Amino acid sequence: MMNKKYTKMALLLAMSASMTLVGCGGGDDGEAGNPGNPGGEPAEAIKTLNLDITKVTYQDSKPTIEVFATNEKDLPVAGLKDFEIKKVVQLIPAGASGAGNSAQWQFIGSEKAFTDHGNGNYSFTVNVEGFNPELTQRYNVIASASTLQDGVTGVPRTEITEDFDGEGFEAKYTKNIVNTATCNTCHAEGESIYHSYTDLETCTSCHTNELAIEKGKVQDEFSHLIHNVHNNAKMYGRNLDKSAETAHSIVQDNCTTCHVNSEQLSESNNWSRIPTMEACSSCHTDIDFKTGQGHPQQVDNSNCIACHNASWTEELHTTSYTQKKTFIDLYGMTATLTANKSSAEDKSATLSVTILDANGTAIDATSLVSKIQRVETITNVGPNFPIMGYNPSPGSGLAKISKDFIKAGLLQADVIIESGNLVYNIASLPFGAGDTDTAFSFIGLEMCNDGIQAIDCVDGVATTSMKAEFTVGTFSGNAPSYRHTDSVNFGSCDNCHGDTFELHKGHHAGFVMSEQLARELNGEVTIGLDGCVACHTPDGTYASGANQGAIEMKLHSVHGEQGIIKDCTQCHNDFNLDAFKVKGALATSQGLYTTPITATCASCHGFDTISQHAQSQGAVVNGSYQEANDAAQLETCFFCHAPTIENHTQVKL
């Protein structure tokens, strides 16, 4: 039986017909199974490899898969070497493998041998075992990071997975519970997640239920594994020695971080509709279903839905998140920072904070004091290069001003409530010229609550970090200076951390990602990291340079250590290289400083790696403050380097 079913060949056939009409001779010689495919000169360079399964045919239940490869310029790529059909799997529908079981992928074959037709087209014929034409067939294709057959031309790793029905047409159904794009809000697209694989579909094609049974490890089944690696209830990995602490702190048991309803996902509600022992035991580690520990005894999934209906399961797993989000949205803040200027020598300023309700209406702070765990304020001067810090620059004597307005339900000393607003007079700020004409304050709000409403703060009461506020004021009365916000994409921060992730809660009041850093610039509302530099100053934070606390380094070092940063585009809109023109020395070791460009680059690349080269270009690495600050505008990195977010290693030729 020979079935030739085309799914995406219309464009290729049109191209082939066109070239035949004009006599270009670009097609092949029309050998069987490869009629009229386009040819032309193959690509000479491959920055991006694009793969597409153009046709699947079957003969005697044996599939032949044709793949078309192009580069970023849509030129055909011939000569691939390390290329394979990693997995052929077919989808056993929900309930077919046993009552209550979810749909499961079943491995039926793989193939490394292929035919290169020399024009970007490749064909694989796979020996499969147990092929069922009634089931959806999935083909997982991988080109490893390697070279072409010439051994010179580099090939970037590329994975694609496409589903077809058992005759080669578009699949009628599939198991698409979570969108790969959702994973890529935290994981960099195209970068390895674990092992060397980059795509969600590759993971699901390998981590099948039958693999888990074969290895005797339930934790290898995908629905168990994926929850395990994002929840810190237990260890995971080959040797069960890996912790999901970082992922758990971001996801925070919020199922809707990954399980997003979408019209593109026909099975997006599968997680609540089909509960299974395999999935549930990944987080609920105090349960042993088969022995009856922590749950009525059961040997399979046949009876799960009898108690755990879809709406109840969803409500149980999302209520805490929705309640928290609702509570956070009940309150907000606005603030002003005003230089007093009672005399020419008076450099004091007044910081006033107003609590708002959900409608943005001011609330008399008197009515809320007992319900507020903390209102914390941090004030600094000079948004682009703050001059006050935890550990001030040598000889400056300029410590940042941190003042709690309310703590544990009590109004703090020197803070008054005036016209319903919390008001504090800052005795003196080091106002100066240019950037230092501007002072700025970051305000955090932490409130006591029972999960639904604010309550009085007593021992043991839960607290929640709310939306923060940011305000600026100038000594001159002129327009304020603002830190640039065109480098970091604040939306990327929000994509990972979400709108209920409480940053810095504990030692600080903490805050959640929201519009707290928003301001209008050139007619558009922009959001940046303005407020973060109130603490993350050039002098670092509480540990000075030992923890690379300056914002230019801290985000790189923390996200790099945790394996989060794979690609500059994950976080950056752009690189504003001009911003370095207003920066000085950054604390990079205890009591030692480095010129700003080098310090920023080294926070990713490592000081040992780049210091010798940087010093040869005018940089100071771990020198005195004075030495590094004097050389801040002398390092010549950008004479040669011209980094962009797409290629941060780019140099000028």
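Helices and strands are taken here as DSSP runs, numbered from the N terminus. The model is predicted. UniProt, in an unreviewed entry, places the feature "domain: Decaheme cytochrome c component MtrC/MtrF" at residues 58-168. This span is 49% strand and 0% helix. Its end C-alpha atoms lie 8 Å apart.

The same record, again as an unreviewed entry, places "domain: Outer membrane cytochrome MtrC/MtrF-like" at residues 175-318 and 488-647. Residues 175-318 are 37% helix and 0% strand. The end C-alpha atoms of residues 175-318 are 22 Å apart.

The largest nonpolar core comprises 36 residues. Tyr331, Val375, Phe405, Leu422, Leu429 and Met447 have the most contacts inside it. At least two core residues come from each of helix H10 (310-328) and strands E12 (331-339), E13 (349-357), E15 (372-381), E16 (401-407), E19 (421-426) and E20 (438-448). Strand E12 contributes the most, with five residues. Beyond its neighbours within four places in sequence, Val375 contacts Lys403, Asp404, Phe405, Ile406, Leu422, Ile443, Gly444 and Leu445. Another core, of 28 residues, lies apart from the largest one. Its members include Val56, Tyr58, Ala143 and Leu148. In soluble globular proteins, nonpolar side chains tend to be buried together.

Thr366 sits in the loop between strand E14 (362-363) and E15. Thr366 counts as exposed because its relative accessibility is 52%, and the exposed class begins over 50%. Thr366 and Pro63 are 303 residues apart along the chain. Their C-alpha atoms are separated by 74 Å.

Definitions and conventions:
Residues are numbered from 1 along each chain as its sequence is written. This is a predicted model: local features need pLDDT of at least 70, side-chain atom pairs count only at pLDDT 80 or more; totals for chains, interfaces and linings use all residues. Side-chain values use heavy atoms; hydrogens and water are left out. A nonpolar core is a set of buried Ala, Val, Leu, Ile, Met, Phe, Trp, Tyr and Cys residues joined through side-chain atoms within 4.5 Å. Buried means under 20% relative accessible area, exposed over 50%, partly exposed in between (1.4 Å probe, protein chains only). Helices (H or I, at least four residues) and strands (E, at least two) are DSSP runs, numbered from the N terminus. Contact means heavy atoms within 4.5 Å. UniProt positions are given in the numbering used here, feature names are shortened, and annotations may be inferred rather than shown by experiment.
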